[in-house]
Amino acid sequence: MSEIVQDYIEDYIRGLIPLGSPEIEEFRIRAENEEVPIIHKEVQKHIEMLIHANKIQSVLEVGTAVGYSSSIFALAMGPHGHVDTIERSLKMIVQADENISALGLKKQINILIGDAQEKVEELTKTYDMIFLDGAKGHYIHLLDHCLRCLKPGGMLVSDNVLFKGMIASDDLVVRRKITIVKRMRKYLEVISNHPQLITSVLPLGDGLAVSWKKDELDLNGENP
């Protein structure tokens with residue numbers, strides 16, 4: 001359980017979500033049994049909705065793990081969508097490549113190998129959506145380059161931003177996590193007040209922040 005909302009509410013919401021394909025359900029169960037962190041079911045469904053509603057066709061993901069979320073994004077976008085996903089763990093990369101291949105998504109998903117900060121700094125492409133799901137303490141360090149790579153009107157989606165409730169309450173903070181908590185609080189303050197963004201923080205999964213990047217007209221104050 002995420003520890004963000006009451007267990008019975010979380011169970012009820014997840015019970016409303018229809019099952020995916022047998023391949024995706026098997027993928028999820030395998031990852032959960034192996035204790036690999038993947039996106040919560042309610043977060044997955046919300047992002048699928050965002051992809052369809054905003055006609056997203058290009059995604060940058062920070063934190064591939066075993067390739068579950070990048071596969072979900074690719075399937076939601078359809079055959080013309082593309083995901084670039086960044087991962088530094090060679091063990092995870094091997095597993096992700098196998099999983100992506102098994103789903104027939106190799107043409108849609110490109111794994112970028114290396115440190116997230118270095119890779120994002122090198123990127124010259126722009127994306128309809130950027131999904132942050134890597135090291136929580138580094139979200140704040142990635143923000144400027146993520147905004148540079150995000151198209152006007154694009155979505156910046158940040159996962160695990162409430163961190164088992166620690167971000168919202170000092171009473172829950174574990175001593176060894178203090179630095180992460182401080183950095184995530186700073187990140188949430190920045191994206192909530194950033195002049196280029198409109199941000200909503202939701203108690204979904206372990207906390208989800210959804211930010212919309214304003215276009216030039218909005219920035220210039222010409223839109224109502």
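**Overview. Salt bridges in the predicted model.** A search of the whole structure finds 11 salt bridges, each defined as a side-chain nitrogen of Lys or Arg within 4 Å of a carboxyl oxygen of Asp or Glu. The model is predicted, so local features need pLDDT of at least 70 and side-chain atom pairs count only at pLDDT 80 or more, while totals for chains, interfaces and linings use all residues. Residues are numbered from 1 along each chain as its sequence is written, and side-chain values use heavy atoms, with hydrogens and water left out.

**View A. The salt bridge between Glu10 and Arg14.** The closest N and O atoms of Glu10 and Arg14 are 3.5 Å apart. Both residues belong to helix α1 (residues 7–16) and are 4 residues apart, about one turn of the helix; helices here are DSSP runs of H or I with at least four residues, strands are runs of E with at least two, and both are numbered from the N terminus.

**View B. The salt bridge between Glu32 and Arg28.** Here the closest N and O atoms are 3.2 Å apart. Helix α2 (residues 22–33) holds both Glu32 and Arg28, 4 residues apart. Glu32 is partly exposed, with a relative accessible area of 42%, whereas Arg28 is buried at 4% (buried: under 20% relative accessible area; exposed: over 50%; partly exposed: in between; 1.4 Å probe, protein chains only).

**View C. The salt bridge between Asp115 and Arg88.** The closest N and O atoms of this pair are 3.3 Å apart. Asp115 lies in the loop between β3 (109–113) and α6 (116–122) and Arg88 in the loop between β2 (82–87) and α5 (90–102), so the pair ties together parts that are 27 residues apart in sequence. Arg88 is exposed, at 59% relative accessibility.
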